[in-house]
Each structure stands twice: as structure tokens, then as C-alpha cells.
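Please look through the structure below before reading on. The paragraphs after it go from one chain to the other and then to the place where they touch.

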Amino acid sequence: MAAEVLLEVKDLKVHFPTPDGVVKAVDGLTFSVSRGETFGIVGESGSGKSVTCLTALGLINRDQAQVSGEIVFMGRDLVKLSNEDLRPIRGKDLSMIFQDPFACLHPFYRVGDQIIEAIRCHDDMSKKQAQERTLELLSAVGIPKPRDRFRDYPHQYSGGMRQRAMIAMALVHNPSLLIADEPTTALDVTVQAQILDLIDRVKQEFNIGVILITHDLGVIADVAQHVMVMYAGRAMEIASRDEIFDKPLHPYTWGLLESIPTVDAQIEGLVPIEGAPPSLINMPRGCAFHPRCPHRFEPCDNERPALEDRGGGHPESCHLTANDKAAIWGKREAQRNKVAS
Amino acid sequence: MSKIETPPEDLVRSDKAQGDPLLSVEKLTKRFPIKRGVIFQKQIAAVHAVEDVTFSIFPGETLGLVGESGCGKSTTARLVLKLLEATSGKITLEGQDITHLKRRQMRPLRREAQMIFQDPYASLNPRQTVGQVIGAPYKIHKTEGETKRKVQELMERVGLNPEHYNRYGHEFSGGQRQRIGVARALALRPKLIVCDEPVSALDVSIQAQVLNLLQDLQKEFNLTYLFISHDLGVVRHVSDRIAVMYLGHIVEIATAAELYSNPQHPYTAALLSAVPKGHAGAKLTNRIVLEGDVPSPVNPPSGCPFHPRCPQARVKAESDSEEVPENCRTEFPPMGEVAENHFGACWYPLEKGGDFQRAAQA
């Protein structure tokens, strides 16, 4: 099934000049998202996950940022569009759910009215019709007794319900692509499970594409079909979920997988990634990860590896050869399994 | 020193436990009053933050305390260190009843029990240098010897550069700041350290560094940890025993391996199944998704606090007229031994695996 490509990002760079130097928040990113899939972006804080998506929505201040590259969405390059031209797309075909449901709803207005406003922004609809549509959406996202809850203020909602309301708001215009930026980070695990289920159901019912940004590899393993691992504004590798977890090709991904304690098995001693992420102003030469990489060798510190598909539909950016990688990962995995058993 | 009366839960011991409990807590309860009125304040309700919590920690082990936000984990931590005054119950530290000690009487005991806080950005005074922050315990307790040298040794031990003695908190990254917090807690060589979500604010790659540091220090100084976290993976990794909290109550307590392989309380099972497993092949479909939200601790449900959301109770309800068995609704289930070294507070503990799968499908 060849799915329609919704979003294509080509060599995107977002640089913020500051008095201390240029912050390279996103530094040459290429990926694409198709309809009907959940594309997970995973990385630590400051790796450029959110900036990428805010750029797509035109939500970064263009006066303060240098943006280059292309973000092609439904045949139009979003980077070149002016704010005026973006407005009909933003919130309509392309919508977003933010991390903090506590900060994203206006505390002075009733939840229902806020959703009605979102509807009437793009659609010429009477208040009455908009209200019907809102009730429909609120029940679709699983808010109990939507008719009563419609008139509540955000503080009367729990965290999970607020996130549901945000999802309802994002869906008002049947978008093609939904960007969810850490949608469950502020929520408890049992509520997180509810919201992830909801996003998955919405994706299937509305047949849309979803970009899910998260720092939690566990969430990615649960819901994503494709995964991009980001580090310091660059893509380390992009692959299907199974490939990322079973045959990861980048030392950073290896490090991530080994440093996370899981509920399944008790591991004797985690293997942390030494050091700390680099400053985005003074990025290391060559591969951004090389100062922390236990497998670095000669070209790593002065030659930046390109994100390349070396066969197998699994683009990655690392100087190691495929054979070396298979050998190293095999050894590391054996080590891990040995300790676990 | 009088022998401490040990409640039945204390029969649960991990392999690491030695001798008498270092800290034990009996029927600890904390209610925060909700008041109305300006001058003549009247208490109109109370937040039932911690209810009848009983547990003990033995020297050298780690007790994990896990639960969702608002379940009373942090309040428990603050109560055992007497940063909050308990409403009722008894706290015993090293055989001494500290429940009603005054601030000044408590001070010498603070050498024995220290705390590491969640937010490394908020827990360091921005106007103090690292040296001052880590040296403060020495100053307060008027210890002899050269403070600077001691502080620098500590900094070295926790993985900080001792030359950074005169730097301020903001000059460090999140992981390094948490190391400063660890060094401060370690300064007086306490026996017990209460870690309140020590790695929640850190990135995963840094999180592992701090967890490993805490484990190394435990071995080196024979520390005892009360480790609080909402992250079940982290808790499993560091804990010898784990207590699960829900709405102020401990609902289950067992050794780590036992709790994860054989959860007896339906809440524990639901919590475990809700955690993303972090590997491919874990499917969304076998997950038990609890309905609704955690009820308000101002009006906790009668009987078992979990009964309104409990899938097991629905399975067990005998007649069709009632949704939940009567004892679940009316009476809090006593903490009973459901398996060896494994205590749970549930009227209908799960049988290994079986029951719950059916419950999930129902």
C-alpha cells in the first residue's frame, strides 16, 4: 500500500542568531510523513524536535530565525509562505496538540466556547451548528456527558480531559496531519495510556497522518510506525519501529536503548551515555555525537556523516560500516541479554 | 532502646535487609484541612493525602514508593523527615519515636536522614556557590575539620570537578545540578536518604548516570533509600522492595521481582500494563486501560479507594444489580499476605495472570 506522502521536509535548517553565537536548533533535517502513519520523533531536550514542528506551523518568529530548506505540505512549501498564506492551512489541514494541556486552554473561557471559536475561525458556520459539531467531537474524544462538560471551564477538567479537549479542538476541521508535541508527558501513566489509545483511534478513524514528538522511547514503541532519532538538531537515523528497536544502526540509539530501565526485566547496572549533549552554539566538528560515542574513530571528529540509506530503507548517519555495526550491536545486545538473564 | 513492635507487613524483607528496621512508619495519616472564612476560620473538609500508611525500611535496602501524581508519595516523604507534621500515626527512626519531636530536638537526627529533591533547578539557592551549598550541612551541624577539603572530596565522589567549587548553580547542567544535590545530601554521611523523584527532571541519557551514581553510593556508604518515583521502570531498577500507593493508601507491597512478575492488586496490574514497554512487539491491545481519572482526595470513595475504577471488582460482582461487590464499596480491605513476602490490600487479589485477562476483556 503506497500511502500518500503528506509532509516532506528537505534539508531544513533553523538557526537562531544570538549575541553569543548562532544556535543551530535544527541543522539539516530530511524526512517525510505519509497519510495513515504515526511518525515518531524521539530525542532529548534541546535536540530540535519541537522547533522542527513549530517551524512547519510557522510558529517561530521569522525575524529572529534563519530558516532554510523546504517543508512541503500538500504541494506547498510552508517555509516560503507568509503568515497570511499560512493561516488557512494552520489549524485546518495541519493542526497541533501541545505538551501542556494546563497552559493551552484559556482559563477565562468555557471549553466549549474555545472549541466553537476554533471552528468558526475557518468555517462559516452558525453558532448553533458549531455547537453541535463541538458536542459531537467532545463525545468522539471520550469526554463523558459532553452536554454538561461543554459549559465547564478548563480548571474543572482533569489533566487527561483537558488533553482530550485539545485533541477535539485539533480535529475540528478534519486535518490531514496532526502534530502531537509530547502529548502525554504531563500526564500519569494510566491516563497516558488512554490518550495514546485515543490518538491511535483518531488516526484510524479520520485517516490522517500523525507526528508524535516524545522523549520516551516506550511511547514510540507503542504507537509509532516510523521513527526518527534526533540528536543536536540532526537526524541520527530514520527507520520503521521494529528496525529501530531490533536493529538500530546508530551508536546514539544504542546508548538510548541501553540507558532506559524497563519494567520487564531488572538489568544489573544501566549503561549511561557518558557526558552531556553539546551546546548548540559550539557544536562539535564532524559528527555531533562523537564526543560521547564509545565507537568513534578517525573520521568522526572532522567529517560530518551524511544521513544516507545504505540499503534496507534505513537511513542513518554514522561513519561505521554496516559490518562493524552489526558486530558491535550484536556484542552489546548479547551483553545486555546476558546480564538480564 | 526498646524493641520496636513490628506490624505484619514487616515480614516482607528483601535479601539486603539486615537487623532491625532503620525507619518504620505505622498508621501514618496526614490530612490537610480546607478552611473557609476570613477571621473565624472553620474547617469544611480535608484533603486525605496519606491514610493509614505502614511500612518499614531495613538498613542497606531501597524501598521504592510508586504511584500516580497526587497519591501521597511526596507527602509521605515529607512526613517521615518531619518536614510536615503527621495528623496521626507513629514514625520511628533508628528505634527512636520521632513523631512528636520538636524542631530543635529533631536537629541532631537530621544527620541521619537527608533528602534529594526532584527539581535540581529549584532546590539549589541561586545566590550560593556550590561550595556553600554542599558545605551548608557542615556549617549547620558545626562539624570539625576543614570544610573546603571535605566538600571537594564529595564533589569528586559524585563526579563533579572539584575546581568548580566557586561556581554557581546556574553554571551547571541539569544532571550536574542533581549531582550537587546528591553531594549535599551525602555530606553528613546519613544512614537514610529520601529521594523524591530524583531523576524525573533529567533526560534519559543523564538519568542513567544519576541512577548508577546513587547505586554506587549505596554500596559504598551502606545507605538506605526511600526512593519515590512515578516511573515504574526506574523504581524497578533501583528498588529491593516496592510499595504501590493509590489515593493515600499503600495498596500493595512486595519485593521488586515479585511485584512485577506477579502483581496481586488490580491497580498494580493496571499500572504495569499502562507503562509503554519500550520495545517493539508490545502491542497496544493487551493493555488494560483504566477508565476515568483518580478521584479527588477530598472526597475519597468509600471502602476500597480503587473500587470505582477497578476492573476486577466488576468481574467479581455476583448479582447483576450491583456493579461492585458490597465489601469493596463499604470496607477498606485489610493488608493481607497474598503470596509469600507479598502483601496486598484487596478483597479479591488476582490469581496469577488469569483473572485479569478476563477482567480486561469484560
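Domain bounds, as used here, come from an automatic or database domain assignment. The model itself is predicted. In chain A, the assignment gives domain 1, covering 107–156, and domain 2, covering 249–340. How far apart are the centres of domain 1 of chain A and domain 2 of chain A? Taken over C-alpha atoms, the separation is 46 Å.

One helix of chain A can be looked at in more detail. Helix α10 of chain A runs over residues 251–259 and is mostly covered, with eight of its nine residues buried. The buried residues in α10(A) are P251(A), Y252(A), T253(A), W254(A), G255(A), L256(A), L257(A) and S259(A).

Chain B comes next. Chain B holds 12 helices and 12 strands. It has 362 residues, and 48% of them count as buried. Among contacts in chain B with a separation of 6 or more, 67% are between residues 24 or more positions apart.

Two residues of chain B deserve a look for their backbone angles. Most residues other than glycine have a negative phi. E94(B) is not a glycine, yet its phi is positive, at about 50 degrees. This residue sits in the loop that joins β4 (88–93) and β5 (96–97) of chain B. Is E94(B) partly exposed or buried? A residue needs 20 or more other C-beta atoms within 10 Å to be buried; E94(B) has 18, so it is partly exposed.

K142(B) is also not a glycine and has a positive phi, of about 45 degrees. Its place is the loop between α3 (130–140) and α4 (147–157) of chain B. The cut-off for an exposed residue is 12 or fewer such neighbours. K142(B) counts as exposed because it has 6 C-beta neighbours inside 10 Å.

How values were computed
Residues are numbered from 1 along each chain as its sequence is written. Chains are lettered from A and ligands numbered from 1 in the order in which they are written. This is a predicted model: local features need pLDDT of at least 70, side-chain atom pairs count only at pLDDT 80 or more; totals for chains, interfaces and linings use all residues. Helices (H or I, at least four residues) and strands (E, at least two) are DSSP runs, numbered from the N terminus. Two residues are in contact if their C-beta atoms, placed from the backbone, lie within 7 Å.
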